[in-house]
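Subject: Structure handover

Hello,

Here is the structure for you to look over. My notes on it follow below.

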Amino acid sequence: MTPEGYKSAFRAAVDQVRSEGRYRVFTDVKRRCGDFPRATWTCEDGAEREVVVWCSNDYLGQGQNPMVLSAMQDAIATCGSGSGGTRNISGTTHYHVELERELADLHDKTGALLFTSGYVANEAALSTLYKILPGLIIFSDAENHASMIAGIRNGGGARHVFRHNDLDHLERLLKGAPVGAPKLVAFESVYSMDGDIADLAGTVALAKRYGALTYLDEVHAVGMYGDRGAGVAERDGVMAEIDVIEGTLGKAFGVMGGYIAGDADLVDAIRLYASGFIFTTSLPPALTAAALASVRWLKTHDEMRARHQERAMTLKRRFHEAGLPVMDNPSHIVPVLVGDPLHCKLISDLLLADHGVYVQPINYPTVPKGTERLRFTPTPFHTDAMMDDLVRAMQGLWTRCNVKRMGGVAA
């Protein structure tokens, strides 16, 4: 292929995405320390405007917590910037060791292992389990995150996909598997796009009945559910029954990184076999120190979780009262269904440009085509006044954009 041929192929790939209305544009924002959820947006013409961020996964504003910032600054002053290598080659600091102990304690497990992100944690752990357990069969929920899917596929072993949150289907698949084969059920607690929550107790009971391990992704739940913030498994009283819990430090804990927690022998085996752990430079000391402070702080501040839930429920109620198609769910996720990629992007753009509201359009492949949506994530720091402004803007734009979409003229 000629150089121009290569370039044409790349351009065609981009043009295909554009033609489907799902070309993704990064919004240039600067978070303002101490003023969350306000931020500064740099427009295309270089001008700067204040916006309110409504789509952050910093669910509890821990990225602005003075205790977290102080721990990060102290670690930089003490250790410098980077970690200096992989965990096996000079990249293990005392902060890493302390954080793994803290995470094991959070989930009441005997072991925990840090990764550079939640994605890497899932991909590395799930693919590695195939190496450790020859003949392993993994049963995966149909709505599992891309990182879980990648790990299961990259492991190269047998796998079955069960319909989302359908325990009857899961049981039929488990029943049809060889009795003596090692098995694992991989699922999430809070599914981040629809906001629904799995039946953890039912899934665990089913897995045990058929001799399967359980692997639970609590990425969108750690910090926010349970008395100490260990997730939905803690809230539902089944944490001790889950074999592997995977979480992130980049959402409710407000920093960066991922981890698994489980039995010390299982965790140690993954540490020794997972390429995604062995060959990656470890998290910088500043990040691990900040995450450590955040985990410790949230263990004793349940009032943040209560306030967070109240804010989410209030926004859902306000959207319902305004006649907006908010998708019902029992979690903190507030998705508003649009159902068309161009329409979704239009509303997002107008909210930002005309109202100072920043919320990203969620399009395929993150969600199935025809279910495009705006995904709002209210935090404890979003005020009633901010909600007033948001609901007012959404009501006006919903009518305006629907008229435009149908080829009419907005009044």
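First, a term for the notes: buried means under 20% relative accessible area, exposed means over 50%, and partly exposed is in between, with a 1.4 Å probe and protein chains only. This is a predicted model, in which local features need pLDDT of at least 70, side-chain atom pairs count only at pLDDT 80 or more, and totals for chains, interfaces and linings use all residues. Residues are numbered from 1 along each chain as its sequence is written, and side-chain values use heavy atoms, with hydrogens and water left out.

Asn165 is partly exposed, because its relative accessibility is 31%. Its phi is near 55 degrees, a positive value in a residue other than glycine. Asn165 sits in the loop between strand S6 (158-162) and H6. Helices (H or I, at least four residues) and strands (E, at least two) are DSSP runs, numbered from the N terminus.

Ser90 also has a positive phi, about 70 degrees, although it is not a glycine. Its loop runs between helix H2 (66-79) and helix H3 (94-106). Ser90 counts as exposed, because its relative accessibility is 54%.

Next, the cis peptide bonds. One joins Phe36 and Pro37, with omega about 10 degrees. Pro37 is in the loop between strand S1 (29-31) and strand S2 (38-42). Another joins Tyr364 and Pro365, again with omega about 10 degrees. Pro365 belongs to the loop between strand S13 (361-362) and strand S14 (373-376).

Charges over rings

Tyr364 comes up again here. The charged end of Lys369 sits over the Tyr364 ring, 4.9 Å from its centre. A charge sits over a ring if NZ of Lys or CZ of Arg is within 6 Å of the ring centre and within 35 degrees of the ring normal. Arg18 lies over the face of Tyr23, at 3.8 Å from the ring centre.

Aromatic pairs

Rings of Phe, Tyr and Trp (its six-membered ring) pair if their centres lie within 6.5 Å; planes under 30 degrees apart count as stacked, over 60 as edge-to-face and the rest as tilted. The count by this rule is four aromatic pairs. Phe115 and Phe277 make an edge-to-face pair, 5.8 Å centre to centre, with 75 degrees between the planes. Phe115 lies in strand S4 (residues 111-115) and Phe277 in helix H10 (residues 275-278), so the pair ties together parts that are 162 residues apart in sequence. Both Phe115 and Phe277 are buried. Elsewhere, ring pairs link Trp54, Phe319 and Phe376 into a cluster.

Two helices side by side

How do H6 and H7 pack? Helix H6 (residues 167-175) and helix H7 (residues 200-209) pack at an angle of about 10 degrees, and their axes are 10 Å apart. That makes H6 roughly parallel to H7. Axes are lines fitted to C-alpha atoms, for helices over the stretch in contact, and angles run from 0 to 180 degrees between N-to-C directions. Angles under 35 degrees count as roughly parallel, over 145 as roughly antiparallel, 65 to 115 as roughly perpendicular and the rest as oblique.

On the H6 side are Leu167, Leu170, Glu171 and Leu174; they meet Gly202, Thr203, Leu206 and Arg209 in H7. Contact means heavy atoms within 4.5 Å. By class, the contact of H6 with H7 has four nonpolar, two polar and two charged residues. Ala, Val, Leu, Ile, Met, Phe, Trp, Tyr, Cys and Pro count as nonpolar, Asp, Glu, Lys and Arg as charged, and the others, Gly among them, as polar.

Val68 is in helix H2. It is buried, with a relative accessible area of 3%. Val68 and Ala291 are 223 residues apart in sequence, but 7.2 Å apart in space, C-alpha to C-alpha. Leaving out residues up to four places away in sequence, Val68 touches Gln62, Val255, Ala290, Ala293 and Ser294.

Leu249 is in the loop between strand S9 (244-248) and strand S10 (258-262). Leu249 is buried, at 0% relative accessible area. Its contacts beyond four places in sequence include Leu99, Val255, Ala291 and Val295.

Ala353 is in helix H13 (residues 341-355). It is partly exposed, at 34% relative accessible area. Not counting residues up to four places away in sequence, Ala353 touches Trp41 and Arg49.

Best wishes
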